[in-house]
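Visitor: I have a model open and would like a walk through it. Where do we begin?

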Amino acid sequence: MEVIIKPTAGDASLIAAKLIARQIRHKPTSVLGLATGNTPLDTYRHLVKMHQGEGLDFSRVTTFNLDEYVGLAPDHPASYHSFMWEYLFKHVNIKPLQVNIPNGLAKNIPEHCREYEDKIRACGGIDIQLLGIGGDGHIGFNEPCSSLSSRTRIKTLTRRTIQDNSTFFDSAEQVPLHVLTMGIGTIMDSRSCVLLAFGTRKAEIVAKMVEGPISAMVPASALQWHEKTTVLIDEEASGKLTRKDYYQWVYQNKPAWQTAEIES
Ligand code: PGA
């Protein structure tokens, strides 16, 4: 795990966007794993700007989103389909047929989840997976105690996640109880992961993820076992890390070519 601490969420988001843009330029047929929530919004704004200003080309890119609410139609304003079109897809030249988001209205959920996994594999696997982290340590919607080798499936949200996500709905009662989510095993199969976390409310869980034991109680801690994960956080979210000085030292003393791979 590489931990990069930037002064602000905006600075960290710009690096996330640059890492994704670099991946797309290096391999125009890249497969991106994408996330929703408040955290990746700035990253998507930067990617839209890079498309509009620098011609970043999404025409051959394929995407797979982490999750979706069960029971919400794609055009429901709080669905993750709506979110992705609103904040990214409608602003770039991605082909709609190359966008994949779990279908919250799937009739046969186990079969749909198997097909989602098959499609990721058929596309050659995810090159770069963008992630947020829930206050309870979830990645995707893999709530605490999710199997660390889980695959795409239905999950039941915790009360805490329902509360956290109620800001996207009129009330907490409207947040669906069930979701479809890539599993932790699915996420671990991606070639690289970029996890973003901002603000003091994420500080405690970031410390558990990075420095705590690997445990299903903190699903994001599984990423300690991932070959290439970059954790991009702001100052506020770094507040509980015991080895913060070391992460900063590492970043400041990188060989120039390594810094260029991240920052250019
Ligand atoms: P947030 O959610 O970006 O809205 O904080 C993160 C998550 O639940 O993964």
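Guide: With L148, which counts as partly exposed because its relative accessibility is 31%; buried means under 20% relative accessible area, exposed over 50%, and partly exposed in between, with a 1.4 Å probe and protein chains only. This is a predicted model, where local features need pLDDT of at least 70, side-chain atom pairs count only at pLDDT 80 or more, and totals for chains, interfaces and linings use all residues. Residues are numbered from 1 along each chain as its sequence is written, and side-chain values use heavy atoms, with hydrogens and water left out.

Visitor: Where does L148 lie?

Guide: In the loop between strand 6 and strand 7 (153-156). Helices (H or I, at least four residues) and strands (E, at least two) are DSSP runs, numbered from the N terminus.

Visitor: And what does L148 touch?

Guide: Leaving out residues up to four places away in sequence, L148 touches I184, G185, I214, S215, A216, P219 and A222. Contact means heavy atoms within 4.5 Å. L148 and T186 are 38 residues apart in sequence, with their C-alpha atoms 9.6 Å apart in space.

Visitor: Strand 7, then. Which strand does it pair with, and over how many bridges?

Guide: Strand 7 pairs with strand 8 (residues 178-181) over 4 bridges, in the antiparallel sense. Two strands pair if DSSP finds at least two bridges between them. K155 has V179 in strand 8 as its bridge partner.

Visitor: What sheet is that part of?

Guide: An open sheet of 3 strands in the order 4-8-7, with antiparallel pairing. Strand 4 (67-69) and strand 7 are its edge strands, each pairing on one side only. On average, neighbouring strands of this sheet are turned by 30 degrees against each other, direction ignored.

Visitor: What about the sheet with 7 strands: what is the order?

Guide: The order is 1-10-9-6-2-3-5 in an open sheet, and the pairing is parallel. Its edge strands are strand 1 (2-6) and strand 5 (99-100). Within it, 3 bridges join strand 6 (residues 128-131) to strand 9 (residues 193-197), and Q129 stands opposite C193.

Visitor: Which strands does helix 1 lie across?

Guide: Helix 1 (residues 9-26) lies across strand 1, strand 2 (31-34), strand 6, strand 9 and strand 10 (229-234), and runs at about 155 degrees to strand 10. Helix 4 (residues 109-122) lies across strand 3 (62-65) and strand 5, at about 150 degrees to strand 3. Axes are lines fitted to C-alpha atoms, for helices over the stretch in contact, and angles run from 0 to 180 degrees between N-to-C directions.

Visitor: Pockets next. What volume has the largest?

Guide: About 560 Å³. A pocket is an open set of points on a 1 Å grid over the protein atoms alone, with protein on both sides within 12 Å along at least five of seven lines, and lining residues have an atom within 4 Å of a point. Grid points are joined across faces, edges and corners, and a volume is the space filled by probe spheres set on the points.

Visitor: Which residues are closest to its centre?

Guide: L19, S192, K228, T230 and E261, out of 21 lining residues. Helix 1 gives the largest share of that lining, 4 residues.

Visitor: And the second largest pocket: which residues lie nearest its centre?

Guide: T36, G37, I133, H138 and N165. The second largest pocket has a volume of about 390 Å³.

Visitor: Last one: is S59 buried or exposed?

Guide: S59 counts as buried, because its relative accessibility is 18%. S59 sits in the loop between helix 2 (41-54) and strand 3.

Technical notes:
1 Å grid on protein atoms, 1.4 Å probe; cavity = no way out; pocket = protein on both sides within 12 Å on 5 of 7 lines; lining within 4 Å.
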